[in-house]
Amino acid sequence: MKIAIVTGASSGIGKEFVRQLEWFYKDLDEIWVIARREERLKELRSRMMLKLRIFEGDLLEQEVYDKILQTLLDEQPDVRMLVNSAGFGKSGKAVDIDKNTQLEMIDTNCRSLTHMTLLCIPYMSKGSRIVNMASAAAFCPQPSFAVYAATKSYVLSFSRALRFELSKKGIVVTSVCPGPVKTEFFEISGTNVNILKKASMARADKVVRKALLDVRKMKEVSVYGTAINGARILTKLFPHRLIINILAHL
């Protein structure tokens with residue numbers, strides 16, 4: 001049985017990956033979807049032609065990993081793609097944001113992504129793909145987004161190193177690094193959308209389509225849009241200290 005696994009599948013980019021996967025990969029038998037909001041997963045399943053297997057649970061709790069591992073052991077599927085899309089951000093100075101919220105951000109964006117990845121690799125084969133949702137925030141530290149940007153830098157670094165380690169097995173790892181995307185993200189983060197973010201705001205369906213095309217091309221990093229590609233270049237050309245000062249005054 002050939003499957004894809006998508007975390008954070010109940011909304012935003014994760015949900016869009018589920019929608020597009022059945023058209024991009026015709027030989028999938030099932031998509032396993034993971035999120036806390038089971039009712040949203042059931043609603044998504046009702047709109048899909050491909051079978052969705054629902055795993056309701058919180059990636060901060062061990063229980064959901066136990067369920068997935070047991071199902072992997074029972075079914076012995078060929079995991080053709082893992083999409084680690086679960087994550088969230090909180091905007092504001094690190095000293096002002098609730099400490100526990102920031103620790104949950106680290107656990108969700110870094111620890112959970114790593115846990116899911118290591119859980120699934122033994123069930124992958126040559127040609128399998130790992131898609132890790134990073135962010136353009138991974139390219140440079142960001143004031144008032146310090147912890148979130150740091151977690152996404154971890155995702156990008158981890159993905160690049162893992163890509164090298166898995167290359168001999170024929171498993172390809174791609175980091176997706178979008179700028180601001182029109183999803184529920186900003187409702188949770190509380191981010192004030194400045195002029196740069198407004199100018200580069202993208203639609204989730206376009207970001208995901210570009211990501212899947214880049215995954216098919218076995219690219220290391222997928223970046224959507226001219227503005228974000230330009231930002232990526234600038235973070236390589238100029239000292240981060242200078243960029244941080246500019247960002248702090250937007």
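The largest nonpolar core of this predicted model has 36 residues. A nonpolar core here is a set of buried Ala, Val, Leu, Ile, Met, Phe, Trp, Tyr and Cys residues joined through side-chain atoms within 4.5 Å. Buried means under 20% relative accessible area, exposed means over 50%, and partly exposed lies in between, with a 1.4 Å probe and protein chains only. The residues with the most contacts inside this core are I5, I34, I68, M116, M124 and I130. At least two of its residues come from each of β1 (2–7), β2 (30–35), α3 (62–75), β4 (78–84), α4 (99–120) and α5 (146–166). Helix α5 gives the largest share, five residues. These helices (H or I, at least four residues) and strands (E, at least two) are DSSP runs, numbered from the N terminus.

Apart from this core lies another, of 31 residues, which includes A4, L21, F24 and V208.

As this is a predicted model, local features need pLDDT of at least 70 and side-chain atom pairs count only at pLDDT 80 or more, while totals for chains, interfaces and linings use all residues. Residues are numbered from 1 along each chain as its sequence is written, and side-chain values use heavy atoms, with hydrogens and water left out.

What is I5 in contact with, leaving aside its neighbours within four places in sequence? Contact means heavy atoms within 4.5 Å, and the list is W32, I34, V79, M81, L82, V83, M116 and C120.

Next comes L41, in helix α2 (residues 38–46). L41 has a relative accessible area of 0%, so it is buried. Leaving aside its neighbours within four places in sequence, L41 is in contact with A9, S10, V33, I34, A35, I54 and F55. L41 and E56 are 15 residues apart in sequence, and their C-alpha atoms are 8.3 Å apart in space.

The last stop is helix α9 (residues 226–237), where I233 lies.
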